[in-house]
Amino acid sequence: MATATSVRSEDGPRPINAPRPLMATAPEFSPASTGVVNEVLDATFFSHTIPDITYDTGVVGLCAVSSDEAGPDRLGWHIADFLAFKALLRGETHHQAQTWLAQCDVAGIVNANPEGYAHGKDRRLVNGAADASSFDDKGSLKHREDHIKVETVPDLLMDMFIKDLEYKAKVARHGGYPLIVIICGPTSLEQDIFFRQDDIKHHLTRDDIRKVLGSDIDVTVVTPALFSAGWQINPSFCKKPAGEVRADRTEFLARQLGGIFAKNHVDNFLGLACPLLDRNRVDEDVKQGEFFGPVMPSEEQKELAVALKVKVHNALASRLSVKHDDHSFDLNDANDDWERLIGPRRTQLSYFGQKWANLEGSKAPVTDEEKLGFLGGAFGGNKASQVHHIHHLIKESFDAWPGYWNLPFGQKVRTVLNNFLQSASPESRDCHEIFNIMEHRATTAVLADALVEYFKLPKPHGLRCRDWDEPKWVQKASHEGHLYVVQSYKEVSKRIPAAIVPPEVNVNHLSVIQRRLEVPVVYLSVSLCVCDPKSEGSLQAVVKHIDPLFKDIMARQVQLLLGDPELQATCVAWLRSIQMPVRYPTTATESMDLVKTPATVLPPEMTAGGKGSSTGTNATVVPAAVPSGGQAEDVVLSTPVQPEAEPLGHSDVRPDQHPGTQPHTPQTIPTKPDILSECSTLLELLDGGVTEEGLDKILPVIDIEFSIAEFRKRKDEFINELVMATDRDEIKGIQMKVKRVTEILNLMVDIKKKVDK
C-alpha cells in the first residue's frame with residue numbers, strides 16, 4: 001500500500017529503509033542558489049558545417065568502427081564521414097598537427113569499393129583521403145604525418161587514442177593552440193565514445209576524455225548527430241564559452257533539448273495556438289469550440305495533419321538543424337552555423353566548399369535503396385544501416401541509468417526493446433516509434449543535466465543523470481529525504497512532458513515504452529531538495545525560475561521551426577485545407593518565401609503547458625527565426641498583418657535598411673552604472689536615432705563587452721514581456737523597445753569587431 005513516505009516512480013511506491021543521508025555527498029541539507037545562470041554554459045549545436053580551423057589547430061580523428069561493422073549496410077557511413085573530414089582538413093594545418101586513428105583497415109576497405117563509400121547527396125569520392133599525403137617544402141617533397149594508424153583491438157585503440165589526446169593537449173597548452181577532436185562511430189548524446197557495438201562496456205565517457213584533455217585549452221569535439229543527419233559540434237567541451245559566443249543561452253538550449261517539448265508543439269501547431277493562424281479572423285464560435293478543425297476530416301486533411309506532425313517532430317529531434325534528412329556538408333558562407341552561433345571564422349567556409357567541390361564525384365548510377373522514410377538519407381541512407389543505428393540507440397541506452405534496468409518496470413522495457421533488436425525485418429512503424437522513444441529518453445537526461453548546471457544545483461552522488469543509480473539512492477536515502485523528494489517530484493513531474501509517438505502509432509497508456517523515463521525526473525527532484533527542503537517556499541523559488549525558462553525555450557523553438565520553409569508550407573496547407581485564416585494574405589503567390597518572414601505570431605496563452613485558450617483574441621508577436629547567415633541581433637518585431645496588408649516579410653523593414661538619423665547630443669555623459677542600470681537611459685540619449693558616431697561618444701565610459709551582455713539580457717526580458725502582453729498598445733510599445741535595443745546591439749557588436757581587429 002502506498003504511503004505518504006513513498007517515492008513515486010515507474011514501479012509505483014518504493015519502500016523506505018532505515019534513516020540514512022539523502023545522498024553520499026550531502027549528509028545534511030543546505031540552501032542553494034535559486035537563480036538561473038543567464039550566460040551560455042554549453043555551446044553545443046547540430047549542423048552540416050565544420051568547426052573553424054587554422055594552420056595552428058591540432059586535430060585528432062578517430063574512426064571507432066570494426067571491420068565486421070564496416071559495410072555500407074552497417075556502420076560504413078561513419079567511415080565515409082571519417083574520410084570526408086580528413087579530405088577537407090588535409091593540408092590545412094602544420095604537417096605534424098593531425099593524427100588519424102581507426103579500428104579497421106579504412107584504406108583497404110574503401111579502395112576496394114570507392115563508390116560504396118561516396119559521401120553526401122553529391123556523392124563525392126573520399127577514398128583518396130585514406131592514403132598519406134605529401135607537401136612541397138622548399139623544393140623538397142615531404143610526407144605529412146596524416147597516415148591512418150590502425151589498431152583493431154578495442155582496448156589497445158582506446159589506449160592509443162588517450163595517449164594521442166594527452167600529447168596533442170600538451171602541445172596545445174604549450175603553444176596556446178586550439179584542438180579539434182573528430183569522432184566517427186557509435187557515440188551518445190553526451191558525446192561518450194563506444195569502441196565495440198557488441199560490448200557497450202568498451203567505451204570512454206565524456207568525463208574520461210575531459211580528464212585527459214584538462215580544462216585549460218580550447219577543444220572542439222565533433223560527433224555524429226544521433227537523431228538526424230549532420231554532426232554534433234561542441235566548441236565548449238573543456239572550457240565554458242564565458243560569453244564568447246554570438247548566440248544566447250536560450251538559443252543553444254532550444255536546439256540541445258530537441259524533441260522534449262514535441263508533444264506540446266504538435267498540439268499547438270494543430271490547434272488554436274498555431275503560430276501561423278490569424279486569430280483575429282477566426283470566428284468566435286470556433287474559438288469557443290472544444291475541437292479545432294473538422295469533426296470528420298477528409299483524406300487530404302488527414303494526410304496534411306500527419307505530415308505536419310512528422311515535420312514538427314523531425315525538425316525538433318534534429319535539434320533544429322536544416323536539411324535534417326540529408327547527410328551532406330553545407331559549406332556555403334550564407335548558411336554557416338558556426339558564424340551565426342559561435343563567432344567569426346578565420347578561414348572562410350566557402351574555401352572548404354570549393355575544396356569539396358574539387359573532389360571527384362561518383363559516376364555510378366544512383367540506386368533507389370529501400371530506406372525509412374522518416375529518416376531520409378540519414379544514418380547511411382538505407383533501411384539496413386538505419387535500423388542498425390536504431391539498434392545502437394537501444395544498446396547505448398542499456399548502458400545508461402544503472403539500476404533502472406533491474407527494476408520490474410525496467411525489465412519490462414528491456415524485454416520490448418530486445419524483441420525489436422531480435423526482429424529480422426522490423427516494420428517502419430515500429431522503427432519510427434522506437435526512434436521517437438529513444439530520442440525523448442536521451443533528451444530527458446540531457447534536460448536534467450542542463451537544469452542542474454544552469455541552476456547551480458549539486459549532482460546527486462556527484463554523477464550526471466546518465467550515470468546515476470536511482471535504486472542505490474532509494475536504499476541510502478533517509479525517511480526525511482524521501483518525504484522531501486516526494487514533494488519535489490510532484491513539482492518536477494508535471495513540468496516534464498511525455499514522449500510523442502508517430503501518427504501511425506496509436507497512443508497506448510498501457511505501453512511500457514510509451515511511458516516517460518522517470519529516472520531524470522527523480523534525479524532532478526533529488527537535486528532540488530538541497531534548496532532547504534523544509535521550506536516549501538524554497539522549492540517554489542526554484543520552480544518559478546524553471547517555468548519561464550521552459551517558456552523561453554519553447555518560444556525560441558517556435559521561431560526556429562518557422563525558419564524551415566517546408567514546415568511552414570505544410571502548416572499553411574493544413575490551415576487552408578480546414579479553411580482557417582493564415583496570418584498573412586495569400587493573394588500574391590502560393591510559393592511565398594516564408595524564411596524571410598521577420599516575425600512569428602505566438603498566441604498569448606501559449607506556455608510551456610502548451611494548450612490554446614478558448615478566450616484570448618489578441619495575438620502576440622515574438623521574433624522569428626533569424627534568416628540564414630544573419631546575426632542574433634538582426635531580428636525585428638512587427639504587429640500581426642491585417643488581411644488587406646502586404647504579405648508579411650515585404651511590409652516590415654529591418655533597422656539596418658534604415659539609415660539612422662543623427663542622435664541628440666547629450667548634455668552630460670552618464671556614468672557606467674547609470675547607463676547599465678536601465679536600458680531606457682541609453683535609449684533616451686539616442687532618441688533621435690542610432691548611429692555609430694553617436695555611440696562613439698558614449699562607449700569610452702562603458703565596458704563594451706559587459707554592455708553587450710547586459711543589453712542582450714535586457715532584450716530577452718523585453719521579449720519575455722512581449723510574449724505575456726495582450727494589449728495591442730502595450731505590444732507596440734514593447735516592440736519599439738526591442739527594436740531600439742536591437743539597433744544598439746548591432747552597432748555595439750560592429751564596433752567591438754573593429755576594436756578587436
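A residue counts as buried when its relative accessible area is under 20% and as exposed when that area is over 50%, with partly exposed in between. Glu 491 comes out at 14%, so this residue is buried. Its salt-bridge partner is Lys 494, with the N-to-O gap between the two side chains at 3.6 Å. Lys 494, for its part, has a relative accessible area of 60% and is therefore exposed. All of this is read from a predicted model.

Elsewhere, salt bridges with shared partners tie six residues into one network: Glu 190, Asp 192, Glu 396, Arg 464, Arg 466 and Asp 467. Across the model, the tally of salt bridges reaches 38.

Asp 336 and Arg 345 make a salt bridge whose closest N and O atoms sit 2.5 Å apart. Both partners here, Asp 336 and Arg 345, are buried.

Then there is Arg 206, which is bridged to Asp 207, and here the closest N and O atoms are 4.0 Å apart. Arg 206 has a relative accessibility of 16%, so Arg 206 falls in the buried class. Asp 207 stands at 29%, and therefore goes down as partly exposed.

Definitions and conventions
Residues numbered from 1 in each chain as written. Predicted model: local features only at pLDDT ≥ 70, side-chain atom pairs only at ≥ 80, totals over all residues. Heavy atoms only, no water. Buried < 20%, exposed > 50% of the residue type's maximum accessible area, 1.4 Å probe, protein only.
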